[in-house]
Amino acid sequence: MQVSFLGGPQPQRGVGVVAPFDFALDRELWRWVPDDISLRVTRTPYVPVEVSLDLARLVSEHETLGEAVRALGASEPEVIAYACTSGSFVGGPAGERAMCEAMTRAGEVPSLTTSGALVEALAELGASRIALVTPYTESVTQSLEEYLADVGVTVTGRAFLGLTRHIWKVPYRSVVDMARQAVVGAADALFISCTNLPTYDAIPQLEAELRMPVLSANQVTMWAALRRLGAQAVGPYQALLDPPPAQAVVPAPPVPPAEALPAALAVESVPEDQEGWT
């Protein structure tokens with residue numbers, strides 16, 4: 001067969017992704033993307049700061065975002081997604097909206113952030129009370145809670161690891177164990193924060209076990225970006241996405257409980273009289 005008979009590659013629509021310099025999960029993002037859409041990924045410049053509120057502010061400066069978005073312009077994306085949860089919630093809802101506006105000006109295409117996508121996804125599911133899982137330190141986790149409170153979302157229980165580096169190395173079993181411990185109140189959904197935390201294969205397991213929608217940072221980012229294009233994210237057995245036919249459902253393999261979590265793991269429930277406090 002002559003190669004010319006194949007007609008060449010199919011046309012691809014583009015989603016531009018701006019990620020922090022330490023982002024290590026490009027392959028996970030791709031798992032949500034249909035075949036006719038390509039991701040064009042760039043990273044913010046390296047800064048020698050551990051994962052913290054200071055780092056979140058540095059990687060979300062408007063000048064930094066503008067340069068990254070302009071670099072993506074040559075590949076002609078139809079939408080730009082800033083794939084960083086902490087970088088997009090550290091300035092509160094007003095700061096998140098300003099980031100979107102700055103990226104839209106720089107690239108002249110619609111733009112969104114992970115934290116904005118989370119709010120959009122919660123509204124889609126009608127969820128206003130959530131359990132929260134993060135790999136962050138307590139101060140970064142609390143900043144996320146403050147952001148959620150400002151948009152009318154109550155955190156009913158939380159678990160966090162206290163990590164400041166190498167978040168992408170956290171295994172699924174630790175994510176699942178934290179989730180089990182965070183769901184201690186009457187939550188409408190569970191959110192697993194941080195785009196550098198692996199979650200794709202853990203979502204079906206947790207939804208089946210906890211009997212509630214499970215959202216993750218990368219999942220909502222890709223869902224919202226593809227939604228702007230009128231496309232559907234690819235993610236079997238996830239409540240945020242269209243469910244497969246009932247007869248096609250295959251139970252997700254069980255994830256064994258963690259034998260040992262990092263010593264910094266903290267799990268808390270929110271007292272009834274303090275729900276939503278910041």
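Guide: Contact means heavy atoms within 4.5 Å. This is a predicted model, where local features need pLDDT of at least 70 and side-chain atom pairs count only at pLDDT 80 or more, while totals for chains, interfaces and linings use all residues. Residues are numbered from 1 along each chain as its sequence is written, and side-chain values use heavy atoms, leaving out hydrogens and water.

Visitor: Is Glu145 buried or exposed?

Guide: Glu145 sits in helix α7, residues 138-150. Its relative accessible area is 9%. Under 20% is buried, over 50% exposed and in between partly exposed (1.4 Å probe, protein chains only), so Glu145 counts as buried.

Visitor: Which side chain joins that of Glu145 in a polar contact of 2.6 Å?

Guide: A polar contact pairs N or O atoms within 3.5 Å, one able to donate a hydrogen and the other to accept it. At 2.6 Å, the partner of Glu145 is Arg158.

Visitor: At roughly what angle do the axes of α8 and α9 cross?

Guide: Helix α8 spans residues 172-182 and helix α9 residues 202-210. Tyr172 and Val176 are among the α8 residues meeting α9, whose side includes Leu206 and Leu210. The axes, lines fitted to C-alpha atoms over the stretch in contact, with angles from 0 to 180 degrees between N-to-C directions, come within 10 Å and cross at roughly 25 degrees.

How values were computed: Helix = DSSP H or I, 4+ residues; strand = E, 2+ residues; numbered from the N terminus.
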